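Hi,

Here is the structure I promised to pass on.

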Amino acid sequence: ISLMLSGKIGCVLIISPTSLIRNWANEIEKWFPKFTRTIISKSGSKKDAVWENAFNYSHFVITNYEQLRD
């Protein structure tokens, strides 16, 4: 978090099993309510735009292993 507050990093990618994605999102909301989070869990034709927007506008991007392979 200190790296984010200092501006050294802008976004954190969290790769998790699908069953734990919601847990990660809830914990971020609980402990870091001023930070934004994005969950990427489904593929689609606009996949690249979704990833780009997530990294440009969120502090935390949460996804599963399958999304990285796609």
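This is a predicted model: local features need pLDDT of at least 70, side-chain atom pairs count only at pLDDT 80 or more; totals for chains, interfaces and linings use all residues.

To start with the sheet: which residue in S3 does Ile14 stand opposite? Ile14 faces Ile62 there. Residues are numbered from 1 along each chain as its sequence is written, and side-chain values use heavy atoms, with hydrogens and water left out.

S1 and strand S3 (residues 60–63) run parallel and share four bridges. Strands here are DSSP runs of E, at least two residues long, numbered from the N terminus, and two of them pair if DSSP finds at least two bridges between them. The open sheet has three strands in the order S1-S3-S2, with parallel pairing. S1 (12–15) and S2 are at the edges with a single partner strand each, so one side of each has no neighbour in the sheet.

Now to Arg37, which sits in strand S2 (residues 37–40). Leaving out residues up to four places away in sequence, Arg37 touches Ala25, Ile28, Glu29, Ser58 and Phe60; touching means heavy atoms within 4.5 Å. The Arg37 side chain also makes a polar contact of 2.5 Å with the side chain of Glu29, and reaches the backbone oxygen of Ala25 at 3.2 Å. A polar contact is a pair of N or O atoms within 3.5 Å, one able to donate a hydrogen and the other to accept it; residues adjacent in sequence count only if both atoms are side-chain atoms.

Cheers
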